[in-house]
Amino acid sequence: MENEKYTPTMRGREQVVPIQEKFLITVPEAAKYFGIGTKQLRRLAENHLSDFAIFMGNRYLIVRPRFEEYVIEFMASGEKQFR
């Protein structure tokens with residue numbers, strides 16, 4: 001493999017990519033990764049479509065790098081509650 005950093009693990013026949021290496025993550029994955037409840041993340045995704053979330057099929061997907069930027073900006077703003 002060219003990229004030595006990428007080391008997927010195997011679960012059955014399926015390769016599991018670590019969350020920190022994924023570009024799009026589901027709401028439950030984002031909840032685990034960021035430590036935010038799934039209900040709050042789903043609300044954020046609904047309110048911020050095209051900012052850091054997309055709706056594909058029947059689920060919301062979080063664009064992880066953009067959501068990380070959103071969280072950093074939120075913390076810098078000094079606000080107390082996500083909107």
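**Close-up views of a predicted model**

**Figure 1. The hairpin of strands E4 and E5.** With two residues between them, E4 and E5 form a hairpin, and Gly57 in its turn has a positive phi of about 70°. The coordinates shown in this and the following figures belong to a predicted model. Four bridges pair E4 with E5 in the antiparallel sense. Within this pairing, Phe55 stands opposite Tyr60 of E5. Strand E5, residues 59-63, is mostly covered, since four of its five residues are buried.

**Figure 2. Pairing of strands E3 and E5.** Strand E3 (residues 24-26) runs antiparallel to E5 and is joined to E5 by three bridges. Ile25 has Ile62 as its bridge partner in E5.

**Figure 3. Overall arrangement of the chain.** The chain contains three helices and five strands. Along the sequence these elements follow the pattern β-β-β-α-α-β-β-α. Of the 83 residues in the chain, 25% are buried. The chain exposes about 6,300 Å², of which carbon and sulfur atoms supply 51%. Where contacts join residues at least 6 apart in sequence, 39% of them link residues at least 24 apart.

**Figure 4. The largest nonpolar core.** The largest nonpolar core comprises 15 residues, and Leu41, Leu44, Phe52, Ile62 and Phe67 are those with the most contacts inside it. Two or more residues of this core come from each of helix H1 (27-34), H2, E5 and H3. Phe67 is in contact with Phe34, Ile36, Leu41, Leu44, Phe52 and Ile62, leaving aside neighbours within four places in sequence.

**Figure 5. The salt bridge between Lys22 and Glu29.** A search of the whole structure finds two salt bridges. In one of them, Lys22 pairs with Glu29, and the closest N and O atoms are 2.7 Å apart. Lys22 counts as partly exposed because its relative accessibility is 24%, above the 20% limit under which a residue is buried. Side chains of opposite charge can pair when their charged atoms come close.

Figure 6. Glu68 forms a salt bridge with Arg64, with a separation of 2.9 Å between the closest N and O atoms. Both residues, Glu68 and Arg64, lie in helix H3, four residues apart, which is about one turn of the helix. Their burial classes are as follows: Arg64 counts as buried because its relative accessibility is 11%, whereas Glu68 counts as partly exposed at 23%.

Figure 7. Asp51 is located in the loop between helix H2 (38-47) and strand E4 (53-56). Its relative accessibility is 43%, so Asp51 counts as partly exposed. The C-alpha atoms of Asp51 and Ile62 are separated by 9.5 Å, the two residues being 11 residues apart along the chain.

**Figure 8. Arg83 in the segment after helix H3.** Arg83 lies in the segment that follows helix H3 (64-77). Arg83 is exposed because its relative accessible area is 64%, and a value over 50% defines the exposed class. Not counting residues up to four places away in sequence, Arg83 touches Leu44, His48 and Tyr70. A separation of 9.5 Å lies between the C-alpha atoms of Arg83 and Gln40, which are 43 residues apart along the chain.

Notes. Residues numbered from 1 in each chain as written. Predicted model: local features only at pLDDT ≥ 70, side-chain atom pairs only at ≥ 80, totals over all residues. Heavy atoms only, no water. Buried < 20%, exposed > 50% of the residue type's maximum accessible area, 1.4 Å probe, protein only. Contact = heavy atoms within 4.5 Å. Areas by Shrake-Rupley, 256 points an atom, 1.4 Å probe, with all protein chains shown as cover. Pairing = 2+ DSSP bridges. Core = buried A, V, L, I, M, F, W, Y, C linked by side-chain atoms within 4.5 Å. Salt bridge = Lys/Arg side-chain N within 4 Å of Asp/Glu carboxyl O.
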